[in-house]
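Here's a quick walk through the helices and a couple of their loops.

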Amino acid sequence: MLYLVGPTMNDIKTAMDRDLYDHPAFVVGQEELEKLGAPLVFAPAPQTPLDYELFENMKMVQAMWGQVGKFENPAENKAEFEKVYAQARQETNNLFARINYALTEDGFSE
């Protein structure tokens, strides 16, 4: 799920930078984030304590994706949308880093 969201986040950011909130890429991106952020979409169940921590982080970030996806009329409230988007993007990047660390040799040795 996490790797699927990267291009979508980039498409939304590009549309925002160009003030194209009605562009199809923006609209589709928001729809995708709403789907990925739905509470019924689950990440794999945790198997270890480290997995559980990552699972909890994933659930938090997933809820943020849903907020971006459900945000109504972003063109009319750009500042607030940009704030919600920026927080979701930062936490998505942080989750990428946590997962990559967990998959390294150092992450497994703890």
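This is a predicted model: local features need pLDDT of at least 70, side-chain atom pairs count only at pLDDT 80 or more; totals for chains, interfaces and linings use all residues.

The protein chain has a mean pLDDT of 89, with 94% of its residues at 70 or more. Element by element, helix 2 (residues 24-36) comes out highest with a mean of 94, while helix 5 (residues 105-109) is lowest at 57.

## Helix 1 against helix 4

Two packed helices are described by the angle between their axes and the distance between the axes. For helix 1 (residues 2-17) and helix 4 (residues 78-103), the angle is about 150 degrees and the axes are 11 Å apart. Angles over 145 degrees count as roughly antiparallel, so that is the label for helix 1 and helix 4. The crossing is left-handed.

Who does the touching? On the helix 1 side, look for Leu2, Tyr3, Val5, Met9, Asn10, Ile12, Lys13 and Met16. Helix 4 answers with residues including Phe81, Tyr85, Arg89, Leu95 and Ile99. Sorted by class, this contact of helix 1 with helix 4 holds 12 nonpolar, 3 polar and 3 charged residues.

## Helix 1 against helix 2

Helix 1 also packs on helix 2, where the axes come within 9 Å and cross at roughly 140 degrees. That angle makes helix 1 oblique to helix 2. Here too, helix 1 passes helix 2 in a left-handed crossing.

From helix 1, the contact uses Val5, Thr8, Met9, Asp11, Ile12, Ala15 and Met16. From helix 2 come Ala25, Phe26, Gly29, Gln30, Glu32, Leu33 and Leu36. The contact of helix 1 with helix 2 counts 9 nonpolar, 3 polar and 2 charged residues.

## Helix 3 against helix 4

Next up is helix 3 (residues 49-70), whose axis comes within 9 Å of the helix 4 axis, crossing at roughly 160 degrees. Helix 3 and helix 4 are therefore roughly antiparallel, and their crossing is left-handed.

Helix 3 brings residues such as Leu50, Leu54, Met58, Val61, Met64, Trp65 and Val68, among others. Among the helix 4 partners are Phe81, Val84, Tyr85, Ala88, Leu95 and Ala102. The residues in the contact of helix 3 with helix 4 split into 15 nonpolar, 4 polar and 2 charged.

Glu31 sits in helix 2 and is partly exposed, at 42% relative accessible area. Which residue is 38 positions away from Glu31 in sequence but 5.7 Å away in space? It's Gly69, with the distance taken C-alpha to C-alpha.

## Two loop residues with positive phi

Most residues other than glycine have a negative phi. Asp19 has a phi near 55 degrees, a positive value in a residue that isn't glycine. You'll find Asp19 in the loop between helix 1 and helix 2, partly exposed at 44% relative accessible area.

Asn73, again not a glycine, has a positive phi of about 50 degrees. Asn73 lies in the loop between helix 3 and helix 4. Its relative accessibility is 47%, which counts as partly exposed.

Methods
Residues are numbered from 1 along each chain as its sequence is written. Side-chain values use heavy atoms; hydrogens and water are left out. Axes are lines fitted to C-alpha atoms, for helices over the stretch in contact, and angles run from 0 to 180 degrees between N-to-C directions. Helices (H or I, at least four residues) and strands (E, at least two) are DSSP runs, numbered from the N terminus. Angles under 35 degrees count as roughly parallel, over 145 as roughly antiparallel, 65 to 115 as roughly perpendicular and the rest as oblique. A crossing is left-handed if the near helix is turned anticlockwise from the far one by less than a right angle, and right-handed if clockwise. Contact means heavy atoms within 4.5 Å. Ala, Val, Leu, Ile, Met, Phe, Trp, Tyr, Cys and Pro count as nonpolar, Asp, Glu, Lys and Arg as charged, and the others, Gly among them, as polar. pLDDT is the predictor's confidence in each residue, from 0 to 100. Buried means under 20% relative accessible area, exposed over 50%, partly exposed in between (1.4 Å probe, protein chains only).
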